[in-house]
Number of protein chains: 2
Amino acid sequence: MEKQAVTIYDVAREAGVSMATVSRVVNGNANVKPATKEKVQAVIDKLNYRPNAIARGLASRKTTTVGLVVPDITNQYFAELARGIDDVAKMYNYQIILAGADESNQEGAEVLDNLLGKQVDGIIFIGNQLSDKVRERLASVDMPTVFAGSIDRQGTDPSVNINYQQAFKEATDILVKHGHQRIAFISGSLNHVINQEHKLAGYQQALVDAGLPLDKALVFQGDYSYQSGYAMTNQLRASKATAAIVVNDEMAAGLLNGLTDSGVQVPADFEVITSNSSKLTEMTRPQLSTITQPIYDIGAVSMRALTKLLAHEPLDDDQVTLAHGFSKRGTTR
Amino acid sequence: MEKQAVTIYDVAREAGVSMATVSRVVNGNANVKPATKEKVQAVIDKLNYRPNAIARGLASRKTTTVGLVVPDITNQYFAELARGIDDVAKMYNYQIILAGADESNQEGAEVLDNLLGKQVDGIIFIGNQLSDKVRERLASVDMPTVFAGSIDRQGTDPSVNINYQQAFKEATDILVKHGHQRIAFISGSLNHVINQEHKLAGYQQALVDAGLPLDKALVFQGDYSYQSGYAMTNQLRASKATAAIVVNDEMAAGLLNGLTDSGVQVPADFEVITSNSSKLTEMTRPQLSTITQPIYDIGAVSMRALTKLLAHEPLDDDQVTLAHGFSKRGTTR
DNA sequence: CTGAAAGCGCTTACAG
DNA sequence: CTGAAAGCGCTTACAG
């Protein structure tokens, strides 16, 4: 089908040199006489030679390809991370293989196997939770891996995140200062380490510091979707909560609209803080007050870290923590 | 770095057969005695053998990899298309290489070259407009290509879309019926064929049918972003328009919020219809009335078409048109 | 600075 | 039904 146009052999013959020399020119190897280099380069241009990355990958055992494991690319947070990753990958001449891995089923391991079969040089993991199966498999092949905006139970691999616990504590503090006695925590599954050990922990710390009780009836688990946020509205109202802090923007948007639809005035009667500062936070009305995090940068820094790993350069910092902030918008007073 | 665990040679030796036989078993070739097959499979399982896709790709000249060219994965419309594409790709055991190609600069050609270097079997193109440079390059290599939710000037490659012209005509008809005399058309660049020849054409047709004048002052060009929609507000008001139809949801969300912020009541004083029915249309307040299109399916059908192309199976239909509809929500009366 | 040759891990005719 | 061998298009020591 594809007409494998010109090979390294063609340019070697045409330029009157060996394949090895062509290879050196293509790869920018210094040990080539300038005149030779020019001659070869001319032929390359003339023949419009483009090296076959597959052959190169087989011979060198490096594919300049990295796998991006991501549960759902239509999620704004993940998509913005992916954008940062892809941009930096491009800079360093890596390609991204998308590995959509729905976290709710067991396809993660299969997806990973496919990636390994493709001989990716490394992996970037985005997601709420790494399944045990996947972690096991990952460990067994010792593939360079970076976690972007994601927390692994083990914490042995490099990662880039904000300090979720601190950010959630601060956000909860704001609600506490506004006098709320019953503040809800709207989470994804609490089996996800990032929720249980980081975000929930920050929320609880703020309550404890304020002398408020920890009431389990104020902790809700959704599935990160707009719908699950919307569907939570009645339960939330029944809990007598007067404010909520939400772990992701899609659920927060759903919740906000649910509240509004059931006649609750936000922020007058109920305050909401979300936590990803994705594009969505500007689109709702009122706009969502949010913990701010540099999502694009988290992705970019993660990919940069992976390129270092692959080049065997030292990482200044294994567990990078970027700065977070808070943006007061329309859902807080 | 990577320990290339076991090769086909290892399992051949262990199973007491030739590499060729192992290859046949792995590829499900029928010409293997059941007993042999079992024996080999047992060794494969025992050694946990996973074929090296790179070597396979080199030998067979097929990589089971397709390139996905997409301008911005953080755009909801594109992301939902990508999701459909990726899901079907997974079913047919294809991997997706993400090729982010900002349409505003010239990196498209480079990105395509990278894809070709990686020996992808085919390409799915998502985007507002294919640059001439890219089209040229694409044509010169005759790579199987499918356009997903996207229009190419030539229209020679297979594509999956809705009937944009008809959809925009119908949507404009609705606004006409509501008595609007000045209906704005909020577009991306009019140099983009999909806008000029399809969406704008449908809008204009409705106006002509209704005996309304075509006023260029009512046609606006943004860059598809929320910000560009928001920034258009004042101009739009100055145009004396009382309704608008918008080519994508992010701009529509920006416009809606811009109108609301400047004290315009939507839909009482101004009606808005958007056209992608992405998740965003539910998140705004009021929720956006929208042309509905099966975005996920457009992606899925596109990828399915590509798999057929790659298997040299006939395509029932080269230019697939899926059904569209209209969903009345809060921004129309 | 340059070339000959082996090898990367597979698939694919070709024989039998 | 199975195997021996060539070949996919490169890179990489090794020599010189």
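**Exercise 1.** In this predicted model, in which sense do strand β4 (residues 145–148) of chain B and strand β5 (residues 159–162) of chain B pair, and over how many bridges?

Solution. Step 1: β4(B) and β5(B) pair in the parallel sense. Step 2: two bridges connect β4(B) with β5(B). Step 3: in one of the pairs, B:Phe147 has B:Ser159 of β5(B) as its bridge partner.

**Exercise 2.** Which strands stand at the edges of the open sheet of twelve strands?

Solution. Step 1: write down the order, β11(A)-β5(A)-β4(A)-β3(A)-β1(A)-β2(A)-β2(B)-β1(B)-β3(B)-β4(B)-β5(B)-β11(B), with mixed pairing. Step 2: β11 of chain A and β11 (319–322) of chain B each have a single partner strand, so one side of each lacks a neighbour in the sheet, and these two are the edges.

**Exercise 3.** Which residues of strand β11 (residues 319–322) of chain A form the covered face, and which the uncovered one?

Solution. Step 1: in a regular strand, side chains alternate between the two faces of the sheet. Step 2: A:Val320 and A:Leu322 form the covered face, A:Gln319 and A:Thr321 the uncovered one. Step 3: A:Thr321 is also the bridge partner of A:Asn161; β5(A) and β11(A) run parallel, joined by four bridges.

**Exercise 4.** How are helix α1 (residues 8–15) of chain A and helix α3 (residues 34–47) of chain A oriented to each other?

Solution. Step 1: the two axes come within 9 Å and cross at roughly 125 degrees. Step 2: α1(A) and α3(A) are therefore oblique to each other. Step 3: the crossing is right-handed. Step 4: the contact residues comprise six nonpolar, no polar and four charged.

Terms used. Residues numbered from 1 in each chain as written. Chains lettered and ligands numbered in written order. Predicted model: local features only at pLDDT ≥ 70, side-chain atom pairs only at ≥ 80, totals over all residues. Heavy atoms only, no water. Axes fitted to C-alpha atoms, helices over the stretch in contact; angles between N-to-C directions. Parallel < 35°, antiparallel > 145°, perpendicular 65-115°, else oblique. Left-handed = near helix turned anticlockwise from the far one by under 90°. Nonpolar A, V, L, I, M, F, W, Y, C, P; charged D, E, K, R; others polar. Buried < 20%, exposed > 50% of the residue type's maximum accessible area, 1.4 Å probe, protein only. Pairing = 2+ DSSP bridges.
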